[in-house]
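The following account is intended to be read with the sequence and the coordinates at hand. Please open both before continuing.

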2 protein chains.
Amino acid sequence: MEGHSLAILSQIFIMFAAAKLLAVVGERYKIPAVISEILAGILIGPSLLGLVHPEEWTMALAGLGAIILLFDVGLDQKLTDLMKVGWTVLLVASLGVVVPFFLGYGLLALLEHSTTESIFMGAAMVATSVGITARVLQELGVLKTVVATVILGAAVIDDIFGMIVLAVVSGLREGVNYAQIISVAGMAVGFTLFIVLVGGRVMRRVTPRVRGFAVGDPYFPLALVICLGLAVAAEKIGIAAIVGAFLAGLVFSEEELTPGLKDKIHALYEFLVPFFFVTMGMQMDVRVLGQRQILLLAALVTVLAILGKLVGCGLGAYRMGWRAATQVGVGMVPRGEVGIIVASIGLGLGTISDEIYAVVIIMVLATTLLAPPALKVLFSPRVEPAPANPPSDLL
Amino acid sequence: MEGHSLAILSQIFIMFAAAKLLAVVGERYKIPAVISEILAGILIGPSLLGLVHPEEWTMALAGLGAIILLFDVGLDQKLTDLMKVGWTVLLVASLGVVVPFFLGYGLLALLEHSTTESIFMGAAMVATSVGITARVLQELGVLKTVVATVILGAAVIDDIFGMIVLAVVSGLREGVNYAQIISVAGMAVGFTLFIVLVGGRVMRRVTPRVRGFAVGDPYFPLALVICLGLAVAAEKIGIAAIVGAFLAGLVFSEEELTPGLKDKIHALYEFLVPFFFVTMGMQMDVRVLGQRQILLLAALVTVLAILGKLVGCGLGAYRMGWRAATQVGVGMVPRGEVGIIVASIGLGLGTISDEIYAVVIIMVLATTLLAPPALKVLFSPRVEPAPANPPSDLL
């Protein structure tokens, strides 16, 4: 409230207004809001206009944004639907995680970066950002096709794999130690299974009792307390906070149990999530783009990020015919929030450099911008429709 | 996201969970959430459990909470209704501002506190917290009575007077200078009139054009940008940020223009506002309660705070008969957020001491706790009903 608070308040205003302004302008050119908000952060951040600087309070706001973002992603998955996923979807998701990971890891290892940095690069290339693809498929009116079902299903599994990879790499605080990787992986998988299996049941028992306990809507505060609580718990056991927030979202994903929750979380989302992407953009030092080597590396990483999903997911979907497999592969190309979070954790731990952080941001921006037009071409009516060759386990 | 972020995240969790837990428990005993959240802050703050300390990021979150709180208060006022307020309401509101101000100012001046500190005390005693009274009147089923209309109308005017007083005192950065008071008052009144008169018209022109401009709901981001922008503007011209937020709320208060906005702001409210009250509680040093002098002063201030509204507002409503006048006076007794904000601004500027801050917090807690039971007695059916003697300008 005092003198210094004017500076903070002005910066909050600048961050939010820049994010929303660029998002509105970007929308006219079909640029996803994620991209616009990251660009807003790059623009107002220290390496360009210098209006806002990453500080403790920006990181606190951005952290809250990331937690609400991943809680919302979790809310969108239905636990019961997840159980029904077919083998094709599982194969698409698994290969789509394994191939990009080893391409990213391999490239940096080949270029003699440290093992930890190489692992972070691999991890940042894993998770598909399903939101962008889903919106494009919706605009094209093909959300009900088999290809869309496979893409969306695989992206969900992919998110969970991505969280496990993130949990493991965020445990890599001091160098790489295989025993530690295995123990963190065990912890992450155990935590996930525990929350998913026990949490869903507890919710089904608890929610009817909570109703009427408090005046107004009791679910929203309850959900927020559990979301923040699981985020803290995840960090305490050595995995990323957002993994906890994501799992909390999964637990609350049965909409019938908590009516109205999604709308309220979405209001929070609209306010807080821009601070996350803007801060992520602010952390990018555009001066590294002056270095030809970095640009070259960014281009290579982007190509590998695209190839990784195209080949990995395409292979997973090969039984659907080559055109459908290509559509699935391209649909899985956009990376988003999770890749950026992986990179920012690496940056925070000091295990990845400013240069590699910039490379990840460029890769995320490029894959997210390239996938939508490619999808439109692949689904365009002039192109012969994909042969109706759905894998047997989806019938 | 790095090491230190675990500490921040844990503290965010503790603040939010403590606030909601105490609010749920308090609700069982009809204690308003404001009180429970302040008590939660006192409990977890440095002077008791020491789990959380006021830091830059807590102040940033609390500041956002205060802004959303006052935006929401503004949203609840209807500009068009304000214009129709009768003379009785205006008199109740004016005397209810003037009398408590001079009682608070006079007491501290008499006790030889500095003029600035005395003015802050007077200012902290001005604004009625209408939410608590409104809820009690609703529970008693008397919201549609003339007394309730007068109370709610006066509380609205009172809020605006309170904002002007706040604007003036927050300009008192270096001692008291009557020329400066007049200039800040002029600025505050001018800013208020400008926003209220021009803002409403602009909104009525702009909102239909905004519709359909952005995908999804364009009003919520627009409202937030304007709310933050006016808060910054208010601070820049030397008045409190929340005055700007309140005026932004007034501008957006015509619900038909921005459907769904209130629900979304309310979701933000539920998440952010607890951080404000918890932080306000954290800032209270309970050790000052060990000093008999402070307790005595707090008791005196509380009595004057109650008498101020009872006499001031009662006088304003005298034409309605003594029982109705008493009901109006008691209904205006609870102080709340604005009083606390005034005190915290004074604390931040260093113009009021920790002791006076504690006195204000106690006064707010006491008036807010005492008014509801008193209202219930005054409205109880065993008591002879207030003679239907409505002032002519309300007919």
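How many residues of chain A are in contact with residues of chain B? In this predicted model, 40 residues of chain A touch 40 residues of chain B. On the side of chain A that faces chain B, two or more residues come from each of helix H1 (3-28), helix H3 (56-76), helix H10 (219-236), helix H12 (261-282) and helix H15 (337-349) of chain A. Of these elements, H1(A) contributes the most, with 12 residues. Sorted by class, this side of chain A holds 27 nonpolar, six polar and seven charged residues.

The arrangement of the two chains can be considered next. Two copies of a chain are related by a rotation about an axis and a shift along it.

Within a single chain, the secondary structure may be taken as a starting point. Chain A comprises 16 helices and zero strands. Of its 395 residues, 56% count as buried. Among the contacts in chain A that join residues at least 6 apart in sequence, 79% link residues at least 24 apart.

One helix of chain A illustrates burial at the level of individual residues. Helix H14 (residues 322-331) of chain A is mostly covered, with seven of its 10 residues buried. The buried residues of H14(A) are Ala324(A), Ala325(A), Gln327(A), Val328(A), Gly329(A), Val330(A) and Gly331(A).

A pair of helices in chain B shows how such elements pack. Two packed helices are described by the angle between their axes and the distance between the axes. For helix H6 (residues 115-124) and helix H8 (residues 146-170) of chain B, the angle is about 160° and the axes are 10 Å apart. An angle over 145 degrees counts as roughly antiparallel, and H6(B) and H8(B) are therefore roughly antiparallel to each other. Their crossing is left-handed. From H6(B), the contact is made by Ile119(B), Phe120(B) and Ala123(B), and from H8(B) by Val165(B), Leu166(B) and Val169(B). By class, the residues of this contact are six nonpolar, no polar and no charged.

In chain A, Glu112(A) lies in the loop between helix H5 (87-110) and helix H6 (115-124). The phi of Glu112(A) is near 65°, a positive value in a residue other than glycine. Is Glu112(A) buried or exposed? Glu112(A) counts as exposed because it has 7 C-beta neighbours inside 10 Å, where a residue with 12 or fewer is exposed. In chain B, Glu112(B) is placed in the loop between helix H5 (87-110) and H6. Glu112(B) also has a positive phi, of about 65°, although it is not a glycine. With 7 C-beta neighbours inside 10 Å, Glu112(B) is likewise counted as exposed.

Note on methods:
Residues are numbered from 1 along each chain as its sequence is written. Chains are lettered from A and ligands numbered from 1 in the order in which they are written. This is a predicted model: local features need pLDDT of at least 70, side-chain atom pairs count only at pLDDT 80 or more; totals for chains, interfaces and linings use all residues. Axes are lines fitted to C-alpha atoms, for helices over the stretch in contact, and angles run from 0 to 180 degrees between N-to-C directions. Helices (H or I, at least four residues) and strands (E, at least two) are DSSP runs, numbered from the N terminus. Angles under 35 degrees count as roughly parallel, over 145 as roughly antiparallel, 65 to 115 as roughly perpendicular and the rest as oblique. A crossing is left-handed if the near helix is turned anticlockwise from the far one by less than a right angle, and right-handed if clockwise. Two residues are in contact if their C-beta atoms, placed from the backbone, lie within 7 Å. Ala, Val, Leu, Ile, Met, Phe, Trp, Tyr, Cys and Pro count as nonpolar, Asp, Glu, Lys and Arg as charged, and the others, Gly among them, as polar. A residue is buried if 20 or more other C-beta atoms lie within 10 Å of its own, exposed if 12 or fewer, and partly exposed in between; C-beta atoms are placed from the backbone.
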